[in-house]
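Student: I would like to go through the side-chain contacts in this protein. Could we take them one at a time?

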Amino acid sequence: MSLPRRLGPVLRAAALLLALAAPAALAAPLPLIPAPQSAVAGQGRFALSAGMRVGAQGEPARQAAEQFIDLLQRSGGPALELAEDGEATQAPIQFALDPAAGPAEGYRLQVTPERISIRAADGAGLFYGGVSLWQLLPAGKGATGLAAVDITDAPRLKWRGLMLDSVRHFQSVEEVERLLDAMAVHKLNTFHWHLADDQGWRIQIDQYPLLTQVGGCRIPLGEAGVGEDGQPIQECAFYTKEQVRAVVRYAAKRHITVVPEIDIPGHATAAIAAYPELGVDRPQLQVANGAGVYPNLFNADEATLTFLENVLGEMLPLFPGTFFHIGGDEAVKDRWKASKHMQARIKQLGLKDEEALQGWMIDRLGTWLAQHGKRIIGWDEILLGGPLPEGAAVMSWRGTEGGIEAARKGHDVVMTPASRLYLDYLQTASPAEPPGRPLQVPLQKLYAFDPVPAELDASQRQRIIGVQANVWTEHMHNFARVEHAVFPRLAALAEVAWSPQASRNLEDFKARLPNLLAHYRALHIGYARTPFQVLFDTQANDAGTQATVALSDPMGYPDIRYTLDGSVPAADSPAYTAPLTVPVPTTLQAAVFFDGKPLAPPTVLGLTTEALRTRSDEQLAMCTDQLMLRLEDDGPREGARAVFNVDIFNPCWLWKGAPLTGIGKLTVRAGRMPYFFELAHDESKRTFKPARTPYGELVIRNGCDGPTLASLPLPKAPAADGFLTLEAPLTNAPAKADLCVYFTGDTRPEMWVLDRLTLVPSAGN
């Protein structure tokens, strides 16, 4: 229906006035991670400069203002000054408590040409408002302008967590505090601190000094555990109570609650090594120095429960938060089943079986903690032993199913499924990735996770109180490895935990991420570059004179630039659009760009005939890939170590489609390292080919079930550098073959691991 002609101009004028009065849409996404609930563009810009005053009224506002000033200056921004009380209300930047500003932890950030105002109902909200303001400012600028905007924001979930394993590898207090600083600028509020396990006891307990004197020490594996004099070297580390108090205070100033964990009844080797009476039938154990699932459990005697209550009693005053994590995972019950004493204990307590005994221990300690004002939280296996104590919460790591079950039973849940949120899983397929579990958890996969299952009804969804990523440190022997694992995936976790689910968008997130990376660099956060570096897939012709190279970016940014002349790629270098066919030799460099700037240093591929005839273990496939790990060598004690990809259930490597025309032999470089895995009920999956000679053989076949191309006896040990190089003549080799390479002989206590294969032409080729 058309409008009457005389009303058209009137209505169009009214529509124009409404449009002018309505909030302006943002021209581009704000460079904020996590994304806020709402943001409306204003008019004009605020000019920020050194020496500008920041006003704050009341202690929470003053603390938030001081933290913003410090954060800005530490990241290279202009030095601002806190206004004196008399001039606070006139300062151009204001932090103020306002009960009407939003829910807990929420904030209102308003930027106009004249003033910046941050208001919140609590100190946490003021702090997070300051963090958002810091992100909006370009990193490292001495003075800058800021576009006018009005932001209203609050978190989606109450528990926004990160777990750090300080047992398998220890971090200094300074390193823990650096991680807390980084958590805070991602608006995370829960630090789950894993302090006791098979590989160590890391917290001082006065009543039981051997927990740290014995349980806090271990001998590193292999070469790293032997001194120049041939004697074992013991490494000892733990946190004193005063250090723990300092960490808790440091976290609290950043609105982070510390949740401690000691594991019950499993992962108890270190404690039992210190006090054998705690174990099943008084075993004499050493603190573990390997990985995997150990069978050592606390017993369920009254004296052991008293010990655990005494330990908790000393820990509770150190951690003022509501929750205490009691573990409950991976408790292999074999030794309980085999022990007459434990079977008698089950009957004495009137319990059905071993799972019920674990449930009884959880209930006993949960009740004790409740009497002392705490709530227990445990891994999802605590659901297996019967009804949980009232107020118990569940951390769902074996998928989301445990969390769904717990929510339906009326328990609070923190979602932390391993396949999505375990940060010891590698981020990319890059050969530059450090050791870890090669089952990949790329940033995109983490970002796509919704911690609130759709199958729960509205009331049950309220039981999903949070989400958490976990940093298990078996493969992280230094803090640089921890930072590589955590960042930038922590940014994705932050948005999952904070931002409204309906507004999350990966492409929008990727557009905002480069700004956060610049802030990382300003704060010297050692984030992983591998997600932003080009990967190469190379196929050579049979003669090795030409290669076709496909380029890809793990994060999927569309702008890849490359060069073939030895120069570093720039924004005006050729753009990659399709696989490149290049002559050999050639040096190819490539980098990922966003908004005209490289996201990481370029990746360099040197294409030579020899390089095309060589495959490192990272470039080879696993024959069956049952449990492939990226493992670090056991030596040297100091300095860089080799890294190997190996399927520990079936150490066997595959070079698919190897070109063998004119090839006379295969050079194999291998290392040897301890087999340090406790597999519990998965031990039966470990396979190896029996040896026919005293120390086993190197075997090369055409396909793992095909004909043998070469077989050579192995020496007793590698060379002094820990490596072995063998030249295997190839007999009756076809023009192309799927080279299957393995070593015979038991993988315990040490196993051969492949480093690289090189095809060597026969004479005259």
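Predicted model: local features only at pLDDT ≥ 70, side-chain atom pairs only at ≥ 80, totals over all residues.

Student: Are the rings of Tyr 128 and Trp 498 stacked, tilted or edge-to-face?
Tutor: The centres of Tyr 128 and Trp 498 are 5.4 Å apart, and the angle between their planes is 80°. Planes over 60 degrees apart fall in one class. The pair of Tyr 128 and Trp 498 is therefore edge-to-face.

Student: Which helices does this pair link, and how many residues apart are Tyr 128 and Trp 498?
Tutor: Tyr 128 is in helix H3, residues 123–136. Trp 498 is in helix H17, residues 489–498. The pair links distant parts of the chain, helices H3 and H17, and the separation is 370 residues.

Student: Is Tyr 128 buried or exposed?
Tutor: Buried means under 20% relative accessible area. Tyr 128 has a relative accessible area of 0%, and Trp 498 also has 0%. Tyr 128 is therefore buried.

Student: Which charged residue sits over the ring of Trp 498?
Tutor: The ring of Trp 498 also pairs with Tyr 128. A charged end sits over the ring of Trp 498, 5.7 Å from its centre. That charged end belongs to Lys 187.

Student: Which strands hold Trp 653 and Phe 743?
Tutor: The ring centres of Trp 653 and Phe 743 are 6.1 Å apart and the planes are at 75°, so this pair is edge-to-face. Both residues are buried. They lie 90 residues apart in sequence, Trp 653 in strand E32 and Phe 743 in strand E38.

Student: How many salt bridges does the structure hold?
Tutor: A salt bridge requires a side-chain nitrogen of Lys or Arg within 4 Å of a carboxyl oxygen of Asp or Glu. One of them joins Glu 483 and Arg 178, with the closest N and O atoms 3.4 Å apart. The structure holds 43.

Student: Is Arg 178 buried, partly exposed or exposed?
Tutor: Its partner Glu 483 is in helix H16, while Arg 178 is in helix H4, 305 residues apart. Glu 483 is buried, with a relative accessible area of 10%. Under 20% is buried and over 50% is exposed. Arg 178 has 36%, so Arg 178 counts as partly exposed.

Student: Which helix contains both Arg 245 and Glu 242?
Tutor: Arg 245 and Glu 242 form a salt bridge, with the closest N and O atoms 3.4 Å apart. Arg 245 is partly exposed at 35%, and Glu 242 is partly exposed at 44%. The two residues are three apart, about one turn of the helix, and that helix is H6.

Student: Which residues are linked in a network of salt bridges?
Tutor: Some salt bridges involve two residues, such as the one between Arg 756 and Asp 755 at 3.4 Å, N to O. The network links four residues by salt bridges: Asp 165, Arg 168, Asp 197 and Glu 474.

Student: Which backbone nitrogen does the side chain of Tyr 294 reach?
Tutor: Tyr 294 is in the loop between strand E15 and helix H8. Tyr 294 is buried, with a relative accessible area of 11%. Its contacts include Asp 198, Thr 269 and Glu 678. At 3.2 Å, the side chain of Tyr 294 reaches the backbone nitrogen of Gly 290.

Student: How many residues are in the largest nonpolar core?
Tutor: In soluble globular proteins, nonpolar side chains tend to be buried together. Among the residues with the most contacts inside the largest core are Phe 95, Trp 193 and Phe 319. Phe 319 touches Trp 193, Leu 195 and Val 248, among others. The number of residues in the largest core is 181.

Student: How many residues does the second core have?
Tutor: This core is separate, and its members include Phe 649, Met 673 and Leu 724. Phe 743, which pairs with Trp 653, is also one of its residues. The second core has 43 residues.

Conventions: Residues numbered from 1 in each chain as written. Heavy atoms only, no water. Phe/Tyr/Trp six-rings, centres within 6.5 Å; stacked < 30°, edge-to-face > 60°. Helix = DSSP H or I, 4+ residues; strand = E, 2+ residues; numbered from the N terminus. Buried < 20%, exposed > 50% of the residue type's maximum accessible area, 1.4 Å probe, protein only. Lys NZ or Arg CZ within 6 Å of the ring centre and 35° of its normal. Contact = heavy atoms within 4.5 Å. Polar contact = N/O pair within 3.5 Å; in protein donor to acceptor, adjacent residues only side chain to side chain. Core = buried A, V, L, I, M, F, W, Y, C linked by side-chain atoms within 4.5 Å. Lists of a residue's contacts leave out its neighbours within four places in sequence.
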